[in-house]
Amino acid sequence: MTRVLAVSSVFPPHQYPQPQITEALARCLPPGTDPALLRRVHASVRVATRHLALPLERYGPGTDFGASNALFVRCALDLGAEAVERALAGAALTAGEIDLVLSTTVTGLATPSLEARLVARTGMRPDVRRMPLFGLGCAGGAAGLGLLHEQLTGRPGLAALLLSTELCSLTLQPADTSMANLVAGALFGDGAGALLAVGPGHPLYDTGAGPVVVAARSRLYPGTEHLLGWDIGHWGFRMVLGREVPELVRLHVVEEVESFLAAHDLKPADVDAWICHPGGPKILDVLAGALGLPEHAFAHSRRSLAEAGNLSSASVLHILGSVGAAGPPPPGSVGLMLAFGPGFSSELVLLRW
């Protein structure tokens, strides 16, 4: 099993209350557009504050895709470096002792990839193994931990880093009045997270207080590709978000969660710590109701959504860190990390303290 040694979350310095963001985006709407719908959507998502890569006044219609992506690379490198340094500070590891780094993002493009550009900056070795991932969307953090676990199962003496860097605000289309874009503009925030883990043969395996990864599962749901993702063109990234997503969660993901837990002789009621990606309040409400969970089960997810918005793949790292910061669950406690992404897909990771 894979031992999590440390988790970090970092945010850009520009933090705003939701109503201030709402009014800034209302001013960007095309002439003659009634901002009432935008205001209702922003008020409904239960987000209190968000961090943005840029000062709020720098967001507006007509931003060039190339310019936005250049900003993504610059800001993502700064945030990523800080996330790595904070994670290292929480573990008895140096950057030079990292053997594998897996990075995930879905909000910008970089070649060389972000982790390649961070190797020298953070002090990692030139021969570190790298696995850059793009396109997993909000599921990337959970999928990344599952893939990292598989790598360390086969190479139990190694230390690995998972880095998630998402600058969702740089993908926003301020003049787009589609419901998908209005929801995205209400929900998503910017941030990065890093996780350090070691395999069971590593000297630090028994020294960490973090959970161990027991198992992971990925699932694609055929015929749902058109419901979630990006429409990519000269304008940049445009949100694709079908109204059917909450019902997909109810119909498919709930069954997937129950099946995954049953394979380990567990039921939803046996899970002590839920690390659920906060895709939105409706997603959390649907899951809680269908799984028969008490109101407090998703408390960490709801708090993350309120404090920072939906951070895409970085959200589950933020939530996992908050679970540890609240005091590690008692030994033997069970945790379940779950997230959803384009495909439509789900990612599940079973944890135990």
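Analyst: The questions below take the overall fold and then some local features.
This is a predicted model in which local features need pLDDT of at least 70, side-chain atom pairs count only at pLDDT 80 or more, and totals for chains, interfaces and linings use all residues. Residues are numbered from 1 along each chain as its sequence is written, and side-chain values use heavy atoms, with hydrogens and water left out.

User: What makes the radius of gyration of the protein agree with that of a compact globule?

Analyst: The radius is taken over C-alpha atoms, and the globule rule is 2.2 Å times the number of residues to the power 0.38. For 353 residues a compact globule would have a radius near 20 Å; the protein has 19 Å, and therefore the two agree. The C-alpha trace spans about 65 × 50 × 35 Å along its principal axes.

User: How many helices and strands are in the protein?

Analyst: The protein has 10 helices and 13 strands. Helices (H or I, at least four residues) and strands (E, at least two) are DSSP runs, numbered from the N terminus.

User: Why is Ser113 called buried?

Analyst: Buried means under 20% relative accessible area, exposed over 50%, and partly exposed in between, with a 1.4 Å probe and protein chains only. Ser113 has 14% relative accessibility and therefore counts as buried. Of the 353 residues in the protein, 58% are buried.

User: Where does Ser113 lie, and which residues does Ser113 contact beyond its neighbours within four places in sequence?

Analyst: Ser113 is placed in the loop between β4 (100–105) and α4 (114–122). Leaving aside neighbours within four places in sequence, Ser113 is in contact (heavy atoms within 4.5 Å) with Arg130 and Pro132.

User: Which residues of helix α9 are buried, and how do you know that they line one face of the helix?

Analyst: In α9 (residues 299–308), the buried residues are Ser301, Arg302, Ser304, Leu305 and Ala308. Seen down the axis of α9, these residues fall within an arc of 165 degrees, so they line one face of the helix. The arc is that of the directions from the helix axis to the C-beta atoms. The buried residues of α9 pack against β3 (49–52), α6 (179–187), β11 (273–276), α8 (281–291) and α10 (315–325).

User: What follows α9, and what follows α10?

Analyst: Gly309 follows α9, with a positive phi near 80 degrees. Gly327 follows α10, with a positive phi near 105 degrees.
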